[in-house]
Structure formats: structure tokens, C-alpha cells
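Subject: Structure handover

Hi,

Here is the structure for you to look at. Please open it before you read on.

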Amino acid sequence: MPVLSKQQTLAELRARIEGIERRPILAGSSLRSDPKSGEAESFTLPGGMLHEVFTAAHRNGGAVLGFALASARGLLSNERPALLYLQLIADTAETGLPYGPGLVAFGIDPQVVVLVRATTITELLWAAEEGLACRAVGAVIADIGSDPKALDFTASRRLGLRAQESGGTMLLLRYGEGRTASAARLRWRVDPLSSAPVEFDDKAPGDSRWRLNLEKGLWRGKPNREWLLGWTKNGFDIVDIADADRAPAAAPVSRSQPAALGDRLAQTA
């Protein structure tokens, strides 16, 4: 077998990367349409790639993790039943771990979730790459609260290539506007929305909702797409923008009435 020179190896690697990046990104995605209106009513992230999912502030961590878990639920299957959740020990002390009953609310059996608390970012990236290579893992979620130097463009490129090769999917959760750029095929910005209304109780929290923006990559040939998503037992539903932005009607406030202090005594306002 002939030995390739360094230049030939690099040329072959570049051609391989270019071929991977030219693959259609919608191979594992889904937009189910209503046959009556023609409007898309559900949303599913495409699989087999690296996604960057970020939010502007740490206070939105619950929203971005909820979106990631809801997305991962659609990536699990009988062939790939496991979900790998990775986090640094230092971040766990600040944000905690996924809550079992909350996983059940997203249709995820807690027994299929493998929690990994790594000491260093190097260990976490190694675990992520090995998880992507495992054919039993449907999705890998790496929740990175800081901006470590080891998580650079080259490291994320390795994760993206491993996802493409194995057919696995990784969701890289990031926070803040000043983080290092990644090599993710698609970058999503997630912002929390008020929950869906509950019948008979306007003040009670309903199903979760998110504002989702595509900031990198193309979706059906178009960049910079935006969706308002709501969660149902069957997955994401696309919410009408006017409905989501409509503030709940406030109860009318009655004017103050004079209060009787006693029989035939003066009244005060």
C-alpha cells in the first residue's frame, strides 16, 4: 500500500471536509405542514451534526437547557436510546443538574440519561468525542458555562467531524455574546418567552415557549430565520408570532370606594 506524502494527506483531508460540509443539513430535520393551510406547525432539529445553542445571559440557562432537552428528545430512537449530558464540576456548583421530573416532562426517561461531570474542559471534550462515536448515543449535550481556551475553533471542528462521521448529534450550549467562535454547522440563539396560557387561570404557568433565531447556516436555503416555539407532548409546535407577543388581558382595577366606619359616622376615601 503506497504511503501518502504529507501534502497528499492534507489534500485528501480537505476534500473529505469539503464533501461533508456540502451535505444537505436537512437530512434529519422535520417541518410537518398542515395540509389545509400549508403552514409549518412543528419543528425538529436536524441530526448528524454539531449545533451551537447559545443565549445572551446565564439567567436564561433554564430556557436554553430546556430547549436542548426538548430537541434531544426528538433525536433519541430505539437504535440510539441514550442521552449524554456533559458539564464541568465548577459549572454544576453554579447551575445544578437536570431535574428528573423535568426530564419526564419532556418525554425523556431519566434512566437513559448519562450525566458526566468533568474536572477539566479537556476531559469534557474527550468525553464528548467518545460519546459521539458511540452508536447507542442519540444526542450529546455539552453545557459550557464559561469560555475556556481549550474550546477553540479547532476543538469544535473535531467534534463536528466526529458527528458527521458517526451520525451522532451534539448540542453545544454556550452563554454570552463574547464567547469564542465555533465550527458548528448551525448556530441557534434561544431566548425565553412567557409560557403558554392556561385555560381558566391566566396567572398559572403553561407549556414552555422559546424564541429561536438561526444566526449561522441556512435553513431551506434561507439564513437568519426566526421561530416562536411552544412545547407539547408531541414535540415543538410553531407558535403564531401575534399570539405569542400578545400580553394577557389585565383585570380591570376598580376605583376605591368610601368605607363605612360605623353607623352615621363620617366616611373616608
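Below is what was found in it.

This is a predicted model: local features need pLDDT of at least 70, side-chain atom pairs count only at pLDDT 80 or more, and totals for chains, interfaces and linings use all residues. Residues are numbered from 1 along each chain as its sequence is written, and side-chain values use heavy atoms, without hydrogens or water.

The protein chain has 7 helices and 10 strands. These are DSSP runs, numbered from the N terminus (helices: H or I, at least four residues; strands: E, at least two). Of its 269 residues, 40% are buried. Buried means under 20% relative accessible area, with a 1.4 Å probe and protein chains only.

Now the cores. A nonpolar core is a set of buried Ala, Val, Leu, Ile, Met, Phe, Trp, Tyr and Cys residues joined through side-chain atoms within 4.5 Å. The largest one has 35 residues. Phe-43, Phe-67, Ile-141, Trp-188 and Trp-210 have the most contacts inside it. Elements giving it two or more residues include helix 2 (61–73), strand 5 (137–143) and strand 8 (209–216). Helix 2 supplies the largest share, 8 residues.

Next, helix 6. An α-helix has 3.6 residues a turn, so residues three or four places apart point the same way. Just after helix 6, Gly-167 takes a positive phi of about 80°.

Best wishes

Methods: Buried < 20%, exposed > 50% of the residue type's maximum accessible area, 1.4 Å probe, protein only.
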